[in-house]
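Open the model in your viewer and keep the sequence panel beside it. We will hop from one selection to the next, and at each stop I will tell you what is there.

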Amino acid sequence: MKATLKYIKKVYGKIIHSIAFYPVLISSTFLILALATLYFETRELADLLKESLPSLYIQHTETARTILSTVIGGILSLTVFSFSMVMVVLNQASSSYSPRLLPGLISDKKHQIILGIYTGTLLYCLLILTSLGSYNSSEDSVGFSTMLGAIFGIVCVALFVYFIHNISVVIQIDHIIDKITDRSNQFLDKRLSCEEEIESMRDEWKVIYSTVSGYYSHFDSDLLPEPLKKQKNSIEIIPFHDEHIWEGDPLFKVKHRMTSEEIKQIELCFNLTNDRHQGDSYTGGMIKLMEIAVKAMSPGINDPGTAIDVITRLGLLIRKVLKIPPSSICQKDQLNLKIIQTNIAVNELFQIIVQPIRHYSRHDCSVLLELAKALLFVERTTQNEEAKKIILSEIKVICTTLESSELDKADINKTLQLINA
């Protein structure tokens with residue numbers, strides 16, 4: 001039963017995040033609306049509304065057919081143009097920034113809603129136009145429906161103007177960086193608000209190993225059976241969010257002995273995916289920012305300004321990450337069963353986020369200087385002594401990278417002086 005529930009939740013998540021979800025939902029609504037208005041046209045209330053508001057009705061069939069045909073042709077053109085433009089934008093984002101940004105751009109609900117209204121208007125007008133040629137249709141049987149179709153066409157034109165404005169904003173790299181940073185900050189604030197630090201000695205706990213490979217996305221405690229939730233026991237999740245584990249790697253530890261059936265029930269709660277960026281977490285957001293900076297410093301793009309913008313955001317995020325303890329409990333529904341989450345280690349955080357930027361920026365003094373200044377800011381403001389040592393070591397590596405580079409010696413000396421100031 002729990003396996004079925006997990007599968008249903010997985011399918012539900014895919015449907016909700018699909019680009020076709022809102023268009024299908026909105027289009028279905030327009031189809032129902034078309035049927036409802038056609039039914040309304042046959043009722044006595046429609047005649048009363050026609051007498052009181054005659055300007056709302058199209059009186060002639062040919063006029064109605066011309067209006068509906070015009071709306072259908074115009075909306076088809078807007079749809080093709082709008083989403084050809086989306087494909088161009090996605091191609092530009094993939095080639096200039098990072099292909100990891102595509103899921104976020106594709107899943108933009110505003111664009112999906114606009115697409116849904118476009119296709120819904122097309123279906124609505126097609127259904128009304130078809131009804132004009134139906135058997136026993138009267139001269140003015142779709143006057144009100146045609147008027148609504150014309151209004152929907154005007155709304156689509158307004159949405160097209162909004163779409164052009166929105167797409168020009170969404171593709172700007174500053175907007176993308178700010179959006180990812182804000183999302184990562186939200187995850188960090190949520191994590192910090194519910195963290196409870198715990199003891200670090202768990203050597204005698206039983207280790208359970210993974211039976212599959214993949215990126216650890218999240219632990220779904222809702223899938224735990226009630227008897228297991230009421231047990232006074234503790235589970236430590238070993239991988240951090242977005243960490244890849246192989247089959248046979250340690251997956252979690254348990255404090256007290258459990259039956260094989262209970263262990264299988266816990267394993268069912270783990271969500272491992274093949275896509276590192278499928279889930280939402282602060283580490284995933286920081287990795288996306290890192291990839292934007294690395295892509296910006298590639299020879300084909302060579303955009304140090306974007307890399308510097310990313311580094312200034314990463315400095316603030318890293319400082320906040322260092323406030324999270326290595327292991328912590330996030331109590332949910334006051335469970336007796338304690339679920340301990342392992343957070344990313346400081347040295348691994350720097351290896352994943354900082355080192356790639358340093359490596360790909362080794363030929364640019366301005367980017368290395370900004371990276372060193374960001375690390376000095378984090379070192380100055382954090383209370384984590386282990387992190388301070390790692391940061392100072394990373395700054396020394398930056399200085400060594402500068403000294404061994406083929407850049408102008410005068411630029412190197414000036415940069416080193418600013419770092420050591």
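Start by selecting S210, which is found in the loop between strand 2 and strand 3. Helices (H or I, at least four residues) and strands (E, at least two) are DSSP runs, numbered from the N terminus. This is a predicted model, in which local features need pLDDT of at least 70 and side-chain atom pairs count only at pLDDT 80 or more, while totals for chains, interfaces and linings use all residues. Residues are numbered from 1 along each chain as its sequence is written, and side-chain values use heavy atoms, with hydrogens and water left out.

Is S210 buried or exposed? S210 is buried, with a relative accessible area of 5%. Here buried means under 20% relative accessible area, exposed means over 50%, and partly exposed is in between (1.4 Å probe, protein chains only). Now show what surrounds this serine. Leaving aside neighbours within four places in sequence, S210 is in contact with I245, W246, E247, G248, D249, L251 and L272. Contact means heavy atoms within 4.5 Å.

**Next stop: the strands**

Select residues 206-209, which are strand 2, and residues 250-254, which are strand 6. These two strands run antiparallel and are joined by four bridges; two strands pair if DSSP finds at least two bridges between them. Look for V207, which stands opposite K253 in strand 6. Strands of a sheet pair through backbone hydrogen bonds, either parallel or antiparallel.

Now look for an open sheet of three strands, in the order 5-3-7, with antiparallel pairing. Strand 5 (244-245) and strand 7 (270-273) stand at its edges, each with a single partner strand, so one side of each has no neighbour in the sheet. Two bridges join strand 5 to strand 3 (residues 214-219), and you can pick out G214, whose bridge partner in strand 5 is I245.

**Next stop: helix 10**

Select residues 260-268, which make up helix 10, and colour its buried residues: E262, I263 and I266. They cover an arc of only 100° around the axis, which puts them on the same side of helix 10. That arc is taken from the directions from the helix axis to the C-beta atoms. An α-helix has 3.6 residues a turn, so residues three or four places apart point the same way. On the other side of helix 10 you will find S260 and K264, both exposed. What do the buried residues of helix 10 pack against? Their partners are strand 2, strand 3, helix 9 (226-229), strand 4, strand 6 and strand 7.

**Next stop: aromatic rings**

A search of the whole structure finds seven aromatic pairs. Rings of Phe, Tyr and Trp (its six-membered ring) pair if their centres lie within 6.5 Å; planes under 30 degrees apart count as stacked, over 60 as edge-to-face and the rest as tilted. Select F30 and F152: their ring centres are 5.1 Å apart and their planes at 70°, so this pair is edge-to-face. The pair links distant parts of the chain, with F30 in helix 2 (residues 21-41) and F152 in helix 7 (residues 143-170), 122 residues apart. F30 counts as buried at 11% relative accessibility, and F152 is buried at 15%.

Move on to F252 and F270, a stacked pair with 5.5 Å centre to centre and 20° between the planes. F252 lies in strand 6 and F270 in strand 7, so the pair ties together parts that are 18 residues apart in sequence.

**Last stop: salt bridges**

The whole structure has four salt bridges, each a side-chain nitrogen of Lys or Arg within 4 Å of a carboxyl oxygen of Asp or Glu. Select R313 and D178, whose side chains meet in one of them (2.7 Å, N to O). R313 lies in helix 12 (residues 304-321) and D178 in helix 8 (residues 173-193), so the pair ties together parts that are 135 residues apart in sequence. Finish with R358 and E394, which form another salt bridge (2.5 Å, N to O).
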